[in-house]
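Trainee: Please put the chain up, and I will ask about it.

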Amino acid sequence: MVYYRDDKITIRDLEGPDAEVFASEERAQGWDASADKYYTRLKDAAEGRSVAMAAEYEGRAAGYINVYLDCIDGPFVGKGLPEIVDFGVLEKYRRHGVGARLMDAAEEAAGRHSDSVCLGVGLHQGYGSAQRMYVKRGYIPDGSGVWYGDRICEPYKDCRNDDDLVLYFLKNL
């Protein structure tokens, strides 16, 4: 399915061959990447648990995003609220509107199931541009505090600033 198309950007369903392409591109930009996460997203989409999307920029794989129809992490698990998960744009395609079009398509998909959508964003500097983008798009912190893995970080306890340190946001659609 195609969710969006203009003269440069196409947002479509994630497909099997995309897994190796994205993993290879991410490794080329220095990330510790494996195609396994994409195969998991494809499996979840095939089972009807999620919508997995890929972006192309001028015909080349540029980014991806997933919408789980029921939150898989954080404060809204099991409450029937869609969650945006694993959103990324390859570095060479950033600042070309790819991320905005992926978010538009994801929010539209979420809006078919709920009047709100949530997401978690990492807190280290690697997530800085995502943090700013979510706020500009109207996402607000859900108020549950900082999470590490699958639980709230206790006040005044040590935590590790890695990809599992997350703040959850909510947006009314």
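Trainee: Which strand holds S116?

Mentor: This is a predicted model, in which local features need pLDDT of at least 70 and side-chain atom pairs count only at pLDDT 80 or more, while totals for chains, interfaces and linings use all residues. Residues are numbered from 1 along each chain as its sequence is written, and side-chain values use heavy atoms, with hydrogens and water left out. Strands are DSSP runs of E, at least two residues, and helices runs of H or I, at least four, numbered from the N terminus. The run over residues 116–122 includes S116, and this strand is β6.

Trainee: Is S116 buried or exposed?

Mentor: Buried means under 20% relative accessible area, exposed over 50%, and partly exposed in between, with a 1.4 Å probe and protein chains only. S116 has 9%, so S116 is buried.

Trainee: Which residues does S116 touch, not counting residues up to four places away in sequence?

Mentor: A contact means heavy atoms within 4.5 Å. By that rule, the residues touched by S116 are L81, P82, L170, K171, N172 and L173.

Trainee: What share of the 173 residues of the chain counts as buried?

Mentor: The chain contains 4 helices and 9 strands. Its elements run β-β-α-α-β-β-β-α-β-α-β-β-β from the N terminus. Across the 173 residues, the buried share is 44%.

Trainee: What does the C-alpha trace of the chain span along its principal axes?

Mentor: Among contacts with a separation of 6 or more, 58% join residues 24 or more positions apart. Along the principal axes, the C-alpha trace spans about 50 × 35 × 30 Å.
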